[in-house]
Amino acid sequence: MDNEKAWFVRRVVLSVLFLVVVAVPLYPELFGLDEVTPFAQLAAFRPQELAVVLALALLMLVRRGWRIAAALIAVLALVGAALIAPRQFSDARPAPAGARVLTIMVANVLGGGARAADVAQVIRDRKPDLVSLPEAQVDVREEIRAQLQDQQYKGFTAQPSRAVESATSVLVSASLGNVAFASEAGTSFGNIVVTGGNLGAIQLVAYHGFPPLPDSVTTWKTDLQTVRRWCTQAPPTVVAGDFNATLDHADFRHALGGYCRSIGPTVGGGLHGTWPSDQPAVLRTQIDHVVVSRQFEPGQFTTYPIEGTDHRAVVATAALLP
C-alpha cells in the first residue's frame with residue numbers, strides 16, 4: 001500500500017511538472033517570459049499550439065502511467081480553447097441607424113512584391129475610405145493608384161529610413177475631402193495620421209509594427225506602446241496595418257488596453273489568419289488588424305488573397321456611434 005501511495009504521489013508531482021513545461025510556451029506571460037525568444041514568437045500561434053497539446057493529451061491516455069498528466073494538459077488546452085472561442089463565434093452588431101460607417105483596408109505589399117492589380121481590384125470592389133499599405137514605397141503606391149481608373153484616391157508615404165520595409169503608404173478616398181497627413185515619432189517603421197477634411201474629429205492611422213525578431217523584441221514592444229498612446233487619445237481613432245502581433249501577445253492586449261478593439265476577433269473573424277498567406281488556413285495567424293476605439297461599433301471583417309505577398313489583405317468596417 002505504501003509503495004502504491006508513493007507511486008501515485010510521484011506521478012502527481014511529475015504530472016504537475018509536465019503541465020508547467022507545457023504551459024510555459026503556451027502562456028509565457030504568466031511566467032514573465034513573454035519578452036524572451038522563442039516564447040514571444042510562439043505566442044503568435046497559440047490556437048494551433050492548443051490543438052497540438054490537446055491531441056498529445058489524447059495520445060497520452062493510452063499509457064496508464066501518463067493519464068494524470070494527460071488529464072491536466074487536456075484541461076489546460078480546453079480552457080485555452082474556451083478563452084479563444086469568442087474570437088471565432090462572436091457576431092457583429094448591425095450599425096446604428098444613421099451612423100457613419102467607415103471601410104478600412106490593409107494590404108502589406110511585401111516591399112512591392114504584391115501584384116498591384118490584385119490590390120487595386122479589392123479597392124475597386126470594396127471602395128475603402130482608407131487603404132493602409134505597409135512596405136509600400138512611393139512608386140508602389142502610385143502603381144496601385146494608377147490602376148484604380150476613375151476611382152479617386154489621394155496618396156501619401158512615410159519612409160523614415162532607406163530600408164524598403166520602413167515605408168508605409170496610404171490611399172485615401174476623395175470622399176473624405178481635403179485631409180491632412182502627418183507622421184508621429186515613436187515607431188521604427190513609418191506611420192501616417194490622417195485628420196481633417198470630412199473626418200470631423202476622427203483620426204485614421206496607418207501603422208506597421210516592427211516584428212518580434214530574436215534581437216528586436218524590445219523594439220517591437222516600443223512600437224506597440226505607440227499604439228496604446230493612439231488608443232488612449234480622446235478623438236475617435238482607427239489604427240490599421242501590419243501589427244506583427246496577435247491577440248495572444250500580452251503586449252498587444254496591453255496596447256489595446258480596453259480603449260480599443262481589433263475588429264476581426266470582435267466580430268467572429270479572430271481566427272482568420274493573415275500571415276503567412278502561402279500556408280494552409282489552419283497554419284496562419286492574424287497579425288494584420290483594423291483597430292478601433294470605443295466610439296466605434298465593429299462591423300464586417302474579410303480577408304483577401306493577394307499574389308506576390310506573404311500577407312492576406314484585410315477589409316473591415318466600423319460605425320461611428322452617435
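Predicted model: local features only at pLDDT ≥ 70, side-chain atom pairs only at ≥ 80, totals over all residues.
**Entry 1. Domains**

I began with the division of the chain, which gives domain 1 as residues 1-89 and domain 2 as residues 100-320. I then looked up the separation of the two C-alpha centres and found 35 Å. For the contact, I recorded 17 residues from domain 1 and 24 residues from domain 2. The size of an interface is often expressed as the accessible area that is lost when the parts come together. Here domain 1 and domain 2 bury about 1,600 Å² between them. Of that area, 50% lies on carbon and sulfur atoms.

**Entry 2. Thr218 and Val36**

I looked up a pair of residues that are 182 residues apart along the chain, Thr218 and Val36. Their C-alpha atoms are separated by 9.8 Å. Thr218 sits in helix H8. Is Thr218 buried or exposed? I noted a relative accessibility of 60%; the cut-off for exposed is over 50%, so Thr218 counts as exposed.

**Entry 3. Helix H3**

I checked helix H3, residues 46-60, for its span. Its 15 residues reach 21 Å from the first C-alpha to the last, close to the 21 Å expected at 1.5 Å a residue. I listed the buried residues of H3 as Arg46, Gln48, Glu49, Leu50, Val53, Ala57 and Met60.

**Entry 4. The sheet with S1 and S12**

I traced an open sheet of six strands with mixed pairing, in the order S3-S4-S2-S1-S12-S11.

I found Leu320 in S12 as the bridge partner of Arg100.

**Entry 5. The sheet with S8 and S10**

I traced another open sheet of six strands, ordered S5-S6-S7-S8-S10-S9, again with mixed pairing. Strand S5 (179-182) and strand S9 (260-262) are at its edges. Each has a single partner strand, so one side of each has no neighbour in the sheet.

Strand S8 (residues 237-242) and strand S10 (residues 288-293) run antiparallel, and I recorded five bridges between them. In S10, Val290 is the bridge partner of Ala240. Which strands does helix H8 touch? H8, residues 217-232, packs on the sheet and touches strand S6 (192-196), strand S7 (203-208), S8, S9 and S10. Its direction makes about 175° with that of S7.

**Entry 6. Cis peptide bonds**

I looked up the bond between Thr37 and Pro38 and found a cis peptide bond with omega of about 10°. Pro38 lies in the loop between helix H1 (2-26) and helix H2 (39-42). A cis peptide bond also joins Trp275 and Pro276, with omega of about -10°. Pro276 is placed in the loop between helix H10 (263-266) and S10.

**Entry 7. Positive phi**

Leu110 is not a glycine, yet I read a positive phi of about 55° for it. Leu110 is in the loop between strand S1 (100-106) and helix H6 (116-126). With a relative accessible area of 36%, Leu110 is partly exposed.

Asn244 likewise has a positive phi, about 50°, although it is not a glycine. I located Asn244 in the loop between S8 and helix H9 (250-256). Its relative accessibility is 14%; the cut-off for buried is under 20%, so Asn244 counts as buried.

For H6 I listed Ala116, Asp118, Val119, Ala120, Val122, Ile123 and Arg124 as buried. Just after H6, Lys127 takes a positive phi of about 50°.

Conventions
Residues numbered from 1 in each chain as written. Heavy atoms only, no water. Helix = DSSP H or I, 4+ residues; strand = E, 2+ residues; numbered from the N terminus. Expected span 1.5 Å × (residues − 1). Buried < 20%, exposed > 50% of the residue type's maximum accessible area, 1.4 Å probe, protein only. Pairing = 2+ DSSP bridges. Contact = heavy atoms within 4.5 Å. Axes fitted to C-alpha atoms, helices over the stretch in contact; angles between N-to-C directions. Domains from an automatic or database assignment. Buried area = accessible area lost by both parts, 1.4 Å probe.
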